[in-house]
Amino acid sequence: CPVEKDLPLDEVDSRSDISPERDVYVNFMWDSRNLDVACGYPTKTLSIKAPPPKLKTTWHLQSRILYRLALPGRSMHTNPTFSVERSRERKKQQNGALFMAGSRLGVLPAPVADPGKDSTPQVVANNFTRLCSAKSIITVNGRFPGPTLYAREGDTVIVKVANHVQENVTIHWHGIRQLTTGWADGPAYVTQCPIQPGQNYAYNFTLTGQRGTLLWHAHIMWQRATVHGAIVILPKRGVPYPFPAPHKEVVLILAEWWKSDVEAVINEALQSGLAPNVSDAHTINGHAGPVSGCASSARDGFTLLVDQGKTYLLRIINAALNDDLFFKVAGHLMTVVEVDATYTKHFTIDTLLIAPGQTTNVLLTADQGAGRYLVTASPFMDSPLVAVDNSTGMATVQYTNAVPTSAIATTKPPPRNSTSLASQFIDSLRSLNSKQYPASVPSTVDHSLLFTVGLGVNPCPACTNGSRVVAAMNNVTFMMPTTALLQAHYFNTSGVFTTDFPGQPLIAFNYTGSGPNNTQTMNGTRLYRLPYNASVQLDRKATPSIYMATTSSWSEGASTSSTPSRGTPAVPSAGWTAIRFRADNPGVWFLHCHFEVHTTWGLKMAFVVDDGPGPNQSLPPPPKDLPAC
């Protein structure tokens, strides 16, 4: 639907500014083989068999993918691809991606290409400028953040990724369950080899038992700094939210921005053996907001227009590489209803804490006086040894009946070391655990694991100080292979990895104290093997110098039925996190810190889950277009 911003298909029905003759969305019915075109209002449903006057719709179906739509007075050729390009900011928005989700098609809104021209987005010769500084960045379809994927629970999603840059690329669908579709998970050299320049790969997976907000992002080196976007999984048709229906839904993506090339930043750090430079700004939907000393940024910033008295569902994502972020809206409270695509018991709070890779959905009611209100995204880090970007990303909530030039109501960001405020938010989270959405937690434990996580120092004669900063789990610094682990597992290729990752620390120490005296770690590509359907409890302890957000694309549940299910649980500095999950998904699954600097230093490992005895409990063969190393 070619409007000015991403729009869920269902929301088109209620939009009064959509012309029935020019703006359409499509819904392909597989069972009846009938292509319906709905224009503007739910009562105006038109059939391809009898197109109305002034509306010409042509389509070509090949391999379950819709290739073309033609609208009156213009045409639209929308290839179902993620086109990854090194891009410069555009004066006009480029074509969006087309996402196919099972029995329905979602066309991300964008201006239509000229007739007869290929719709693959092109690099535009305009600098992408932030903080009074221009640089070239890698994007998906020329957008930062990238396009939003809309689908429904139960849909099958196929996204073809085309690599048009000179770097290797992969896309990870963060938090997606990926039941027996491990080949589509995306981490480079874990479930696939990267998509090489000029090559394509189609990710194919089904959204099983999930609904809510997740994210997709690049999963090789530090590309996810600019290659990321939202995944919105709507409930099955006819199933309401377990909270009051909002007037409108809005995606807010929090991220970081470096003036320098991000890959150059981490490469320089790896060569020196030291920590990389922190980012120069935090952003909200791609903008940092007004920045001191940068005159051009006075106009910079995302604005959310709201109607007084209406309630909005904010889908908030932390796509930052290395920073936990507090989120506030001046003068307003937020009601938390979901985290990491899992419904929660509702609670109201004025400050959120969102770690990298985490998502939080909140209801925001425009219940204040007409005006403009500051939105802030600021860092949290309570370890004095860790450097962070102290900048505050800013946006604006503006009431539609307010004067656009009126003074803005401000709010003071929390202190960066506000542990009490962080704990207040985390301690308030509870699983919804209703009859319809129960908390599925294993009651027994087959494998009880203890992972200690922290930093270390290993010898490096070529490094600046003769040593290199590393990170480890159970004193093992993970070394990435040059062949994908999942391929090595499926084809039983020897020499790529071992399955002797220690389930307990090799040398015991005072886990509640200051940490071990020895700071040197072991290197290895060591995995932990689990039989199919084993129940696992994993206790993780962080040393005082590290705070981490870890992720596993298949872990579910928590230690009790009252605590929330999270795809990316956080481990506080010098603290503990315990999770339970069932290993009911065969394949190789990456467990790593979602602070990208820690992952780069080696804070990662993987589980190998064996095939089960049933017909749908085995890893299928790899797809024919799986990238080669």
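This is a predicted model: local features need pLDDT of at least 70, side-chain atom pairs count only at pLDDT 80 or more; totals for chains, interfaces and linings use all residues.
Strand β24 spans residues 324-329 and is mostly covered, with six of its six residues buried. With strand β29, residues 372-380, β24 pairs in the antiparallel sense over six bridges, and here Lys-328 stands opposite Thr-376. With strand β27, residues 351-354, the pairing is again antiparallel and runs over four bridges; in β27, Ile-354 is the bridge partner of Leu-325.

Attention now turns to the cysteines. A disulfide is a covalent bond between the sulfur atoms of two cysteines. The count in this model comes to two disulfides. One of them joins Cys-193 and Cys-629, whose sulfur atoms lie 1.7 Å apart. This pair links distant parts of the chain, 436 residues apart: Cys-193 sits in the loop between β16 and β17, and Cys-629 in the segment after β42. The link of Cys-193 and Cys-629 is left-handed, with -75° about the S-S bond. Cys-193 has a relative accessible area of 1%, so this residue counts as buried, whereas Cys-629, at 52%, is exposed because its value is over 50%.

The other disulfide is formed by Cys-460 and Cys-463, with sulfur atoms 2.0 Å apart. The torsion about the S-S bond of Cys-460 and Cys-463 is about 70°, and the disulfide is therefore right-handed. Both Cys-460 and Cys-463 are buried. Cys-593, at 1% relative accessibility, also counts as buried, because that value is under 20%.

Definitions and conventions
Residues are numbered from 1 along each chain as its sequence is written. Side-chain values use heavy atoms; hydrogens and water are left out. Buried means under 20% relative accessible area, exposed over 50%, partly exposed in between (1.4 Å probe, protein chains only). Helices (H or I, at least four residues) and strands (E, at least two) are DSSP runs, numbered from the N terminus. Two strands pair if DSSP finds at least two bridges between them. A disulfide is a pair of cysteine sulfur atoms within 2.5 Å.
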